[in-house]
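Trainee: Can we go through this one together? I'd like to start with contacts and then move to helix packing.

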Amino acid sequence: EQAEPYLRQAVELAERSEVSSREQARLYYWLCEALFWNGRYEEQVEMAERGLALVEADGPSVEVALMNQEIAVGSLPLGKPDTYRQFTERTAQFLESLPYAEDLSLDKA
């Protein structure tokens, strides 16, 4: 709970500065994690969608996979298994081509 306001502030600062879209997506990822662990799934999905919009046009990347994962995982407790499946399948199409990233572990799914 304590991390969320600081992560929101970091996201806002990044949006106003010259932080790359990938770095901004990483901040959204950590905000989504805080929201997930506090059971705020609708906000988690909303923030992940914002992060995804920043990086999706650049093609497959770790950041796209992270945002897809946050949308997928946040959708399950909201009773949206089709959304979970859709975003998991999206990531599965390119995951093997990405470099290793510890952030992509699925231990919370």
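Trainee: Leaving aside neighbours within four places in sequence, which residues is Ser75 in contact with?

Mentor: Ser75 is in contact with Val45, Lys80, Thr83 and Tyr84 once those sequence neighbours are left aside. Contact means heavy atoms within 4.5 Å. Before you go on: this is a predicted model, where local features need pLDDT of at least 70 and side-chain atom pairs count only at pLDDT 80 or more, while totals for chains, interfaces and linings use all residues. Residues are numbered from 1 along each chain as its sequence is written, and side-chain values use heavy atoms, with hydrogens and water left out.

Trainee: Where is Ser75 placed, and is it buried or exposed?

Mentor: Ser75 sits in helix H4. It counts as buried because its relative accessibility is 1%. The cut-offs are under 20% relative accessible area for buried and over 50% for exposed, with partly exposed in between, using a 1.4 Å probe and protein chains only. Helices are DSSP runs of H or I with at least four residues, strands are runs of E with at least two, and both are numbered from the N terminus.

Trainee: Switching to Asp82. Which helix, and buried or exposed?

Mentor: Asp82 lies in helix H5, residues 81–92. Its relative accessible area is 55%, so Asp82 is exposed. The C-alpha atoms of Asp82 and Ala72 are separated by 9.0 Å, and the two are 10 residues apart along the chain.

Trainee: Now the packing. What do the axes of H2 and H4 do?

Mentor: Helix H2 (residues 21–37) and helix H4 (residues 62–75) have axes that come within 9 Å and cross at roughly 25°. That makes H2 roughly parallel to H4. Axes are lines fitted to C-alpha atoms, for helices over the stretch in contact, and angles run from 0 to 180 degrees between N-to-C directions. Under 35 degrees counts as roughly parallel, over 145 as roughly antiparallel, 65 to 115 as roughly perpendicular, and the rest as oblique.

Trainee: And which residues of H2 and H4 meet?

Mentor: From H2, Arg22, Ala25, Arg26, Tyr28, Tyr29, Cys32, Glu33 and Phe36; from H4, Val62, Glu63, Leu66, Met67, Glu70 and Val73. That contact has 9 nonpolar, no polar and 5 charged residues. For the classes, Ala, Val, Leu, Ile, Met, Phe, Trp, Tyr, Cys and Pro count as nonpolar, Asp, Glu, Lys and Arg as charged, and the others, Gly among them, as polar.

Trainee: How about H2 against H3?

Mentor: Their axes come within 9 Å and cross at roughly 170°. H2 and H3 are therefore roughly antiparallel to each other. The residues of that contact divide into 11 nonpolar, 4 polar and 3 charged.

Trainee: What about H1 and H2, at what angle do they cross?

Mentor: Roughly 160°, with the axes of H1 and H2 coming within 9 Å. That makes H1 roughly antiparallel to H2. Among the residues of H1 that meet H2 are Glu4 and Leu7. By class, the H1 and H2 contact divides into 10 nonpolar, 1 polar and 3 charged residues.

Trainee: Is Glu4 buried or exposed?

Mentor: Glu4 is buried, with a relative accessible area of 9%. Not counting residues up to four places away in sequence, Glu4 touches Leu31, Leu35, Arg40 and Glu43.

Trainee: Last topic. Which residues touch the most other members of the largest nonpolar core?

Mentor: Leu31, Met47, Leu52, Met67 and Ile71, out of 24 residues in that core. H1 (3–16), H2, H3 (41–55) and H4 are the elements that give two or more residues to this core. A nonpolar core is a set of buried Ala, Val, Leu, Ile, Met, Phe, Trp, Tyr and Cys residues joined through side-chain atoms within 4.5 Å.

Trainee: What does Met67 touch, not counting residues up to four places away in sequence?

Mentor: Met67 touches Ala25, Tyr28, Tyr29, Ala48, Gly51 and Leu52.
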